Amino acid sequence: MTFLMLAAPLSGCIGVFEPDADESDSWEWIDPVTEIEDGNHSHNDLFAHRLATPNAQLIDYHNLNCDGNVKPPAELDNVAGRPCFDEFKNTGPTPGDNSEIAIEGNFLDDCEIYGDGTGGCFAYVSSYNQFEILDISKPNDIRLLSTYYAEIARMIDIKVTSDNNWVLVNHELTNSELDPIPNDDDANSGANRLDLIYVGDKTSPIKVAEWDNPPAGFHNQDLHVYCDWEPANPTALWQDDCHLFLFGADPYPEMVEGSSGTFYKGTQVFYALIDFEGLNPTNNNEQQNASREIIRWGGYTPEPQTTCGGSIFNHDNVFFIHPITKQKMLAVSYWGAGLRLVDVSEPPQLADPLGISWPPETGRWLGCPTDDAGWYGPDGGGHANMDSDVWLNANDGNDNIHYAVPQDNLICSGISEYDPIETWPEHCGTGPTDATYSENWRHYTYIAPEYGSNANHTGFIWTIDTTDPTKPFLVSKWKLPGESTLADGTTHPHHYIPGGYIFSPHNGDTGLSGHVYWTHYHAGVWITDHGHIWDELVWENGYPEPDRGFQAITQLAPSHTLGYYLPAGPDWIEDPTNTLGYDMADCWASCMIPFDWGLQYDPRGFVFISEMVSGVYVVQFDEDYDSRYDYPALWSVEASDE
Amino acid sequence: MVAVLLMAPTASAHGANTFAFIMRNNSVQPDEASVQQNDTLIFYNVVDRNRTLTFSTEGKNGTIDWECETGPSNSTTTDDECRVWLDPEYYNPTILEIQISNNRTLWHIVNVTILLDNHTENGPPEGGFTLPGGGQEPSESSDGIELQNILLMGAIISFTAAACIWIMRNNFREYSNNIAKEEEEE
């Protein structure tokens, strides 16, 4: 076992900071990405992919085996979940086909359970036919609490309300031309639903509502409970002080639904007249049905003149509250139409189902000018001076904006307001409201593309300064480091994607002080540091000019690579593929490990990774360690070897 | 995870299988692109005057002459758009030279490279969906129905023939057995 671990870095594809035999503190960088499969490398060689930079520590792992059974009793299918048992953790079989992960809880209170029974921290993983709920209060001892199964697939996104009581999952139609299964012809092509699941009892999730959205459902969704919005004419007597809104990314936008003569937009907002109390499973059907109404309340699609052409397609909506303007916003990924910041602060009193005037766009970022004048015009700071042909050229790592994640808070020189004030640099002053130094507190939104294949590039992670959301501008960009070797043996300045999405960026999350985490499918999870961007920009006139944006910058700041981690089964199990029963033959998107779909950052300093075949990994990078939340790994390879 | 696998040297589709061009005052964005058969091109006119688009190309069933006039920019209708679906039944992989005119005067040319669509689709959404250009694709396309009819008829004929042969053989066997029995009895 130990030999395998040491030998893995030398075996081809996977690279690490390889330990130097002479100096234990220095490591030689070995590129972890190999595009070409040959006698020296197989993408299916799990041990060749068990690698990480030395600052990444595996804290815990769960293969998401619930109770040893693949499916629940028939009466629970698509209706209710079933409790799981600790003794099945990391035993076979491993269900697999995992996708998005969401986490919620009182992390900064270390997931304390309060006197009224609230509190705690939980992770929710969508897994095609099912989703799982885990207790992650102790990152080094995560526990699977329950599994909800639905024979009708496919659940690929999952969100949860901040009170950890309600889960929203999609059932998206798949195998359509828009979103094919790359590696499968499974006839189970899903449905077109959003399902609301009550998870107040984490061991017994139960479905309480479902809505259809023909023809394909939603590809992604987010939600927010408004407790500061009051409809003038309440449409339901049971509405209390809070109101649930859903934000769906419709994979078949107006061109499809126009068949009915109605042109709905790509980003669709719904007001769910959910009477949470009324949906209580203990109520009868009549009471529950009265609580399930959902109303189309708004819609957004970029106006054509605000693009420079290409494919205008809504892939994802991420809700956030801007830390300066306090606007409730969506960071929307619109493929060729780039990043869109949409203001959903104040839902209108009357539904605007066609999105004629709500929600409005606050700002946008694309690499090309999208106006004749102003911030987005040729001389404006809100683009990267690219011709439309360049911006829409995926081969240069552009276009295809697939995921956007904004920071939750402001950062200044690698610190945030969560850091002790005595550690703040002088030029951060007293904080974001400092009379002199407030400008040094910045807000960034990170966006990245996705490519099925790309002969030249794997794509950039773009850092967009969104401190003023009406004037976003580019400050940094990053790609997977290293060169590639082409089939003819020549070197190529970028890594590339031979097919099957293999090294494409996918989903990401942010840390508190400028760290950014992103999954790259088979290239694993990468951590980059964006905390010092404002210090490292080179400005034309020697001082920051955010009101001129990109035009005032002569050199973008670097996004610093801190490390990577490639999940490849638990280190303490000698042959996880067989021991845990990894399904390496009938995979949804890929039968490779790793193939990382999503991740979430626990502000206590841990990254929760959803690997598509093998399960959930808890990883801590040394740079994120916080002594207040000391959860060392409880496993050791040596112990298991013995 | 969204996209159709595609590599192209210039601006390229994918996502929604539509590719947009923005016709501004003095420019078209982008002014060249690579798309696939089966994609839809959408030309948005964002200025306050009409424009006319034309192209001529050799299709699979002869010459295709296409012309479309857009109205002035108007976000409440689709009159300011021109759409063309590159139906693989009619369009070959080729380069389209799309001419854009203002007041019958050639204003701009957009070159669109149509790549072969070798993507295999596993099936349309249930209930069908609206194709670009306004047509409604049924759950089963007419071509599919014709093909299915042919296959169904073939299957019926084959089954009938097999049944006839089986019956005939059984009858013949029975007839032979009867003759044999009669001969034995004799």
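How many bridges join S6(A) to strand S7 of chain A, and do they run parallel or antiparallel? There are 5 bridges between S6(A) and strand S7 (residues 121-127), and the two run antiparallel. Bear in mind that this is a predicted model.

**The sheet in chain A**

As a reminder, strands of a sheet pair through backbone hydrogen bonds, either parallel or antiparallel.

**The nonpolar cores**

A:Ala123 turns up again in the largest nonpolar core, which has 168 residues. The residues with the most contacts inside this core are A:Ala123, A:Tyr124, A:Ala331 and A:Phe608. Strand S19 (residues 328-335) of chain A gives the most to it, with 6 residues. There is also a second, separate core of 5 residues, which includes A:Leu410, A:Ile411, A:Cys412 and A:Trp441. In soluble globular proteins, nonpolar side chains tend to be buried together.

What does A:Tyr124 touch, once residues up to four places away in sequence are set aside? Its contacts are A:Ile101, A:Ala102, A:Phe131, A:Ile133, A:Ile158, A:Val160 and A:Val167.

Chain A has 642 residues, and 55% of them count as buried. It holds 7 helices and 38 strands. Among its contacts with a separation of 6 or more, 64% come from residues 24 or more positions apart.

A:Leu194 sits in strand S12 (residues 193-198) of chain A. Is A:Leu194 buried or exposed? A:Leu194 is buried, because 25 other C-beta atoms lie within 10 Å and the cut-off for burial is 20 or more. Leaving out neighbours within four places in sequence, its contacts include A:Leu168, A:Trp211, A:Phe218 and A:Leu246. A:Arg604 is 410 residues from A:Leu194 along the chain, and their C-alpha atoms are separated by 31 Å.

**The sheet in chain B**

Chain B has an open sheet of 5 strands too, in the order S3-S9-S8-S5-S6, but here the pairing is mixed. Strand S3 (32-36) and strand S6 (62-70) of chain B are the edge strands, and each pairs on one side only. Ignoring direction, neighbouring strands of this sheet are turned by 25° against each other on average. S3(B) pairs with strand S9 (residues 105-115) of chain B in the parallel sense, over 5 bridges. Within that pairing, B:Glu32 stands opposite B:Asn111 in S9(B).

Most residues other than glycine have a negative phi, and most peptide bonds are trans. These spots go the other way:

| Site | Feature | Value |
|---|---|---|
| A:Ile593 to A:Pro594 | cis peptide bond | omega near 0° |
| B:Gln29 and B:Pro30 | cis peptide bond | omega about -15° |
| A:Asn78 | positive phi | near 65° |
| A:Asn385 | positive phi | about 60° |

A:Pro594 is in the loop between helix H6 (576-579) and strand S36 (596-602) of chain A. B:Pro30 is in the loop between strand S2 (28-29) and S3 of chain B. As for the asparagines, A:Asn78 lies between strand S4 (56-62) and S5 of chain A, in a loop, and is partly exposed, with 18 other C-beta atoms within 10 Å. A:Asn385 is in the loop between strand S21 (361-365) and helix H4 (388-391) of chain A, and A:Asn385 is partly exposed, with 16 other C-beta atoms within 10 Å.

Methods: Residues numbered from 1 in each chain as written. Chains lettered and ligands numbered in written order. Predicted model: local features only at pLDDT ≥ 70, side-chain atom pairs only at ≥ 80, totals over all residues. Helix = DSSP H or I, 4+ residues; strand = E, 2+ residues; numbered from the N terminus. Buried ≥ 20, exposed ≤ 12 C-beta atoms within 10 Å, placed from the backbone. Contact = placed C-beta atoms within 7 Å. Pairing = 2+ DSSP bridges. Core = buried A, V, L, I, M, F, W, Y, C linked by C-beta atoms within 7 Å. Axes fitted to C-alpha atoms, helices over the stretch in contact; angles between N-to-C directions.
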